Amino acid sequence: MPKPRTLAEESLLWVRDLQYRLPDAPTSPGRLLWQIPSLEWTPDPRRGWVHLSGDNGSGKTTLLRVLAGMQPASGGELRWQKGAAGQIRYLHQQPYLFDTSVAGNLVLAARWQPQRRSAGEQRDQVEAMLEWSGLSEHARQPARSLSGGERARLALARAWLSRPPVLLLDEPAANLDQAAVEQLAIRLEQMSQAGCAVILSSHQDNALSHGCTARWTLAEVSLHTERMPG
Ligand SMILES: Nc1ncnc2c1ncn2[C@@H]1O[C@H](COP(=O)(O)OP(=O)(O)OP(=O)(O)O)[C@@H](O)[C@H]1O
């Protein structure tokens, strides 16, 4: 008899009756920001990302933070596949950079990653991420002196260094010009081809919306999902 398929084999993300209510007076349940009766998501293998959109204030950041486990939902259930649970990385719209050099930020990420790496491997990872992000020339520069676009690249490289299975990006295109958004789309493509499941929020129509394989839209307190053809 075939073994019954377990939840973990079914989907990367599994959600039932998840909802978020805004904090309110202790006696009142608070205004419902969004509710998701049912959602099961497994990205197409090595292809594209989820584009999460919605009007300002619709709750995109809150949803990403709940998915990342950084904020509790008001109710419902949320489960990540066993191999991904505990390894979900969330990247803030204005990521915090450590007050050290560009390379120093990557060195710290290499040192604190979940997997153990030798000193030589960590050095290789830092070199590879400097090159991947196009920041090799800036390696010794203080991270705080980078431009907005360069800061965003460093933050992404720092998150990607440890190859998390899931990456949640909050408005990664904010403050980027069109060329930088197109470069970001290329990097995201590489990440998804390497097996990383990406959900990113954006309220703009740009290279990030064109490269997605699914669109999730928050509207009227609900999440509407649509799979892109192809
Ligand atoms: N702790 C809180 N207390 C009260 N209201 C909150 C709290 N956190 C979030 N909100 C409200 O929840 C709503 C959704 O916020 P959220 O940042 O998730 O939206 P968003 O879709 O990401 O918005 P934007 O596109 O403007 O970044 C906003 O109206 C916000 O003011």
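**Exercises on a predicted model**

At 4% relative accessibility, Cys-196 counts as buried, where buried means under 20% relative accessible area, exposed over 50% and partly exposed in between, with a 1.4 Å probe and protein chains only. The model is predicted, so that local features need pLDDT of at least 70 and side-chain atom pairs count only at pLDDT 80 or more, while totals for chains, interfaces and linings use all residues. Residues are numbered from 1 along each chain as its sequence is written, and side-chain values use heavy atoms, with hydrogens and water left out.

**Exercise 1.** Determine how many disulfides there are, a disulfide being a pair of cysteine sulfur atoms within 2.5 Å, and account for Cys-212.

*Solution.* Begin with the count, which comes to 0 disulfides by this rule. Cys-196 is in no disulfide, and the nearest cysteine sulfur, that of Cys-212, is 16 Å away. Turning to Cys-212, its closest cysteine sulfur is that of Cys-196, and because the distance is 16 Å, the two are too far apart for a bond. Finally, Cys-212 is buried, with a relative accessible area of 6%.

**Exercise 2.** Describe the surroundings of the ligand, taking as near any residue with a heavy atom within 4 Å.

*Solution.* First list the shell, which includes Leu-22, Pro-23, Leu-33, Asp-55, Lys-60 and His-203. By class it has 3 nonpolar, 7 polar and 2 charged residues, where Ala, Val, Leu, Ile, Met, Phe, Trp, Tyr, Cys and Pro count as nonpolar, Asp, Glu, Lys and Arg as charged, and the others, Gly among them, as polar. Helix α2 (residues 60-67) gives the most to this shell, with 3 residues; helices (H or I, at least four residues) and strands (E, at least two) are DSSP runs, numbered from the N terminus. Next, look at individual atoms: a ligand oxygen is 2.9 Å from an N or O atom in the side chain of Asn-56, and a ligand oxygen is likewise 2.9 Å from an N or O atom in the side chain of Thr-61.

**Exercise 3.** Where is Ser-53 placed, and which residues does Ser-53 touch?

*Solution.* Ser-53 lies in strand β3 (residues 50-54) and is buried, with a relative accessible area of 16%. Not counting residues up to four places away in sequence, Ser-53 touches Lys-60, Ser-202, Trp-216, Thr-217 and Leu-218, contact meaning heavy atoms within 4.5 Å.

**Exercise 4.** How many residues of helix α3 (residues 102-112) are buried?

*Solution.* Of the 11 residues in α3, 8 are buried, among them Val-102, Leu-106 and Leu-108. The buried residues of α3 pack against α4 (119-132) and α5 (148-160).

Notes
Near = heavy atom within 4 Å. Polar contact = N/O pair within 3.5 Å; in protein donor to acceptor, adjacent residues only side chain to side chain. Disulfide = S-S within 2.5 Å.
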